[in-house]
Amino acid sequence: MSFQKINIKDLQMNPFLKIGQEWMLISAGDKNQVNTMTASWGGVGVLWGQDVVTAYIRPQRYTKEFVDKQDCFSLSFFNGNYKKELGILGSVSGRDQNKIKDVDFHITYLEDVPTFNEAELVFIVEKIYEDTIQPEKFKDVTLDEKWYPQKDYHTVYIAKIKSIYVKKA
């Protein structure tokens with residue numbers, strides 16, 4: 001399968017559905033080693049005059065090491081038929097096994113950034129800002145209690161959208 005680059009103005013996507021319900025993969029690496037993780041938190045918008053995404057990664061996630069080493073990473077979206085595979089990719093660590101091979105996904109590279117042939121939509125993004133969620137900044141402290149009982153606060157990545165690709169029909 002191959003992908004076609006589209007103009008961001010032609011993007012037809014409901015981020016609440018694609019990220020929150022169908023989930024996405026955050027992937028990074030190089031030709032030698034790739035890792036990915038499933039995410040259901042994120043955003044798409046405009047900041048600092050640029051089209052951006054936000055992605056959130058906990059410090060213990062192996063994928064974070066890959067994202068931190070690269071300038072760019074990908075967000076890959078699927079058609080909803082891959083929930084089982086995305087569940088595995090989100091619950092198994094690439095430190096422990098070759099989870100990409102285990103779910104029979106096939107790595108491809110767009111602009112030298114890893115993604116998957118099985119994806120229907122791919123964002124290639126470049127990091128422009130990162131920070132760690134700070135517990136003292138919560139206005140609603142119940143969020144800290146609910147989502148961070150182990151105090152493993154996410155790193156927030158803001159990345160400009162370099163390119164968007166859709167699967168060719």
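Predicted model: local features only at pLDDT ≥ 70, side-chain atom pairs only at ≥ 80, totals over all residues.

User: Which strand is methionine 37 in, and what does methionine 37 touch?

Analyst: Methionine 37 sits in strand S3. Helices (H or I, at least four residues) and strands (E, at least two) are DSSP runs, numbered from the N terminus. Not counting residues up to four places away in sequence, methionine 37 touches Met24, Leu25, Ile26, Tyr56, Ile57, Arg61, Thr63, Leu89 and Lys99. Contact here is heavy atoms within 4.5 Å.

User: OK, cores next. How many residues are in the largest nonpolar core?

Analyst: The largest nonpolar core has 23 residues, and those with the most contacts inside it are Ile26, Phe73, Leu75, Phe77 and Phe123. Such a core is a set of buried Ala, Val, Leu, Ile, Met, Phe, Trp, Tyr and Cys residues joined through side-chain atoms within 4.5 Å.

User: Which elements give two or more residues to this core?

Analyst: Those are strands S2 (24-29), S3 (34-39), S5 (50-57) and S6 (72-77), helix H2 (62-69), plus S9 and S10. S10 gives the most, with four residues. Apart from this core lies another one of 17 residues, among them Val34, Ile100, Val113 and Ala119.

User: What about H2, which of its residues are buried?

Analyst: Tyr62, Thr63, Lys64, Phe66 and Val67. The buried residues of H2 pack against S2, S3, S5, S6, S9 and S10.

User: And H3, where do its buried residues fall around the axis?

Analyst: In helix H3 (residues 83-91), the buried ones are Glu85, Leu86 and Leu89. Looking down the axis of H3, these fall within an arc of 95°, so they line one face of the helix; the arc is that of the directions from the helix axis to the C-beta atoms. Lys84 and Ser91, on the other side of H3, are exposed. The cover over the buried residues of H3 includes S2, S3 and H4.

User: Switching topic: how many aromatic pairs are there?

Analyst: The structure holds 11. Rings of Phe, Tyr and Trp (its six-membered ring) pair if their centres lie within 6.5 Å; planes under 30 degrees apart count as stacked, over 60 as edge-to-face and the rest as tilted. One of the pairs is phenylalanine 105 with phenylalanine 116, which is tilted, at 5.7 Å centre to centre and 50° between the planes.

User: Why does that pair tie together separate parts?

Analyst: Phenylalanine 105 lies in the loop between helix H4 (99-102) and strand S7 (107-110) and phenylalanine 116 in strand S8 (residues 113-116), so the pair joins parts that are 11 residues apart in sequence.

User: Nice. Which lysines lie over the face of a ring?

Analyst: Lysine 31 lies over the face of tyrosine 109, 3.8 Å from the ring centre. Lysine 83 lies over the face of tryptophan 23, at 3.8 Å from that ring centre. For this, NZ of Lys or CZ of Arg has to be within 6 Å of the ring centre and within 35 degrees of the ring normal.

Conventions
Residues numbered from 1 in each chain as written. Heavy atoms only, no water. Buried < 20%, exposed > 50% of the residue type's maximum accessible area, 1.4 Å probe, protein only.
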